[in-house]
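Subject: Structure handover

Hello,

Here is the structure I said I would pass on. My notes on what was found in it follow below.

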Amino acid sequence: MPPSGSASPGAWNNERTPYLVEIMNELSPSSKRKEIVVAKGSQLGFTEIIMNWVMYIMNLLPGSFLILQPTDIVAIRFSKQRFAPSLKMCEPLKNIIPKNSGDSLLEKVYPGGYTVLSGANSPAALSSMPIGNVACDEVDRYPLSAGDEGDPLNLVKARTSTFPNAKILYVSTPTLK
């Protein structure tokens, strides 16, 4: 976990947040669950589940991954503050992205796969590619419609339809009492 995105930088430790282990286990290939939904309090480590999951996929099961944030601006901030620094700190992943691979703030292409970061307000990003794994962060902050395309969560679900083992994680701190 990078200092730019964590009050406790350094290597991940399940003992610090044991309540996250069961959720991470449900994201593993051995679990048959397709959708995992988490409503939670603020700053409890759930975004780190997303980081752990995407980095696991990149390292051990390369494929397509979408990290969906409420807006494109939030996706860019997430990439700069958490995702890119985490990749640089993780020994098995720090060199996974080849030079001249089309690497950008919102797309990481690596052998066997790619990870895209996008905002739920971006209809083009939600309708243009098949995706095997999706992490939807702070869902309660998503717009009701991605432009004129409709519900961003329905668009995301459609992206996974050709993947029999697809997984979608929905995480949010509720915005309404």
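In these notes a residue is called buried under 20% relative accessible area, exposed over 50% and partly exposed in between, using a 1.4 Å probe and protein chains only. The model is predicted, so local features need pLDDT of at least 70 and side-chain atom pairs count only at pLDDT 80 or more, while totals for chains, interfaces and linings use all residues. Residues are numbered from 1 along each chain as its sequence is written, and side-chain values use heavy atoms, with hydrogens and water left out.

Overall

The protein chain has five helices and six strands, arranged along the sequence as α-β-α-β-α-β-β-α-β-α-β. Helices (H or I, at least four residues) and strands (E, at least two) are DSSP runs numbered from the N terminus. The chain has 177 residues, of which 44% count as buried. Among contacts with a separation of 6 or more, 71% are between residues 24 or more positions apart, a contact being heavy atoms within 4.5 Å.

Helix H3

H3 covers residues 72–89, which is 18 residues. From first C-alpha to last, H3 reaches 24 Å, close to the 26 Å expected at 1.5 Å a residue; the expected span is 1.5 Å times one less than the number of residues. H3 bends by about 45 degrees at Ser79, where the bend is the angle between axes fitted to the seven residues ending there and the seven starting there. Ser79 is also one of the buried residues of H3, along with Ala75, Phe78, Phe83, Ala84, Pro85, Ser86 and Leu87. These buried residues pack against H2, E2, strand E3 (107–110) and strand E4 (113–119).

Which kind of aromatic pair do Trp53 and Phe65 form? A search of the whole structure finds one aromatic pair, and Trp53 with Phe65 is edge-to-face, at 4.7 Å centre to centre and 70 degrees between the planes. The rule takes rings of Phe, Tyr and Trp (its six-membered ring) with centres within 6.5 Å, and calls planes under 30 degrees apart stacked, over 60 edge-to-face and the rest tilted. Trp53 lies in helix H2 (residues 46–60) and Phe65 in strand E2 (residues 64–69), so the pair ties together parts that are twelve residues apart in sequence. Trp53 is buried at 4% relative accessibility, and Phe65 is buried at 0%.

Asn133, in strand E5, touches both Trp53 and Phe65, as well as Ile57, Ser64, Leu66 and Lys167, not counting residues up to four places away in sequence. Asn133 is itself buried, at 11% relative accessibility.

Salt bridges

How many salt bridges are there? The count comes to five, with a salt bridge taken as a side-chain nitrogen of Lys or Arg within 4 Å of a carboxyl oxygen of Asp or Glu. One of them joins Glu35 to Lys157, with the closest N and O atoms 3.4 Å apart. This pair links distant parts of the chain, since Glu35 is in strand E1 (residues 35–39) and Lys157 in helix H5 (residues 152–159), 122 residues apart. Both ends are partly exposed, Glu35 at 32% and Lys157 at 37%. Another salt bridge is between Arg33 and Glu26, at 2.9 Å from N to O. Glu91 and Lys94 also meet in a salt bridge, at 3.2 Å from N to O; Glu91 is exposed at 55%, whereas Lys94 is partly exposed at 40%.

Most residues other than glycine have a negative phi. Glu138 is not a glycine, yet has a positive phi of about 55 degrees. Glu138 sits in the loop between strand E5 (133–137) and H5 and is buried, with a relative accessible area of 16%.

Leu153 is in helix H5 and partly exposed at 22% relative accessibility. Leaving aside neighbours within four places in sequence, Leu153 is in contact with Cys136, Val139, Tyr142 and Tyr170. The C-alpha atoms of Leu153 and Pro143, ten residues apart along the chain, are separated by 9.9 Å.

Regards
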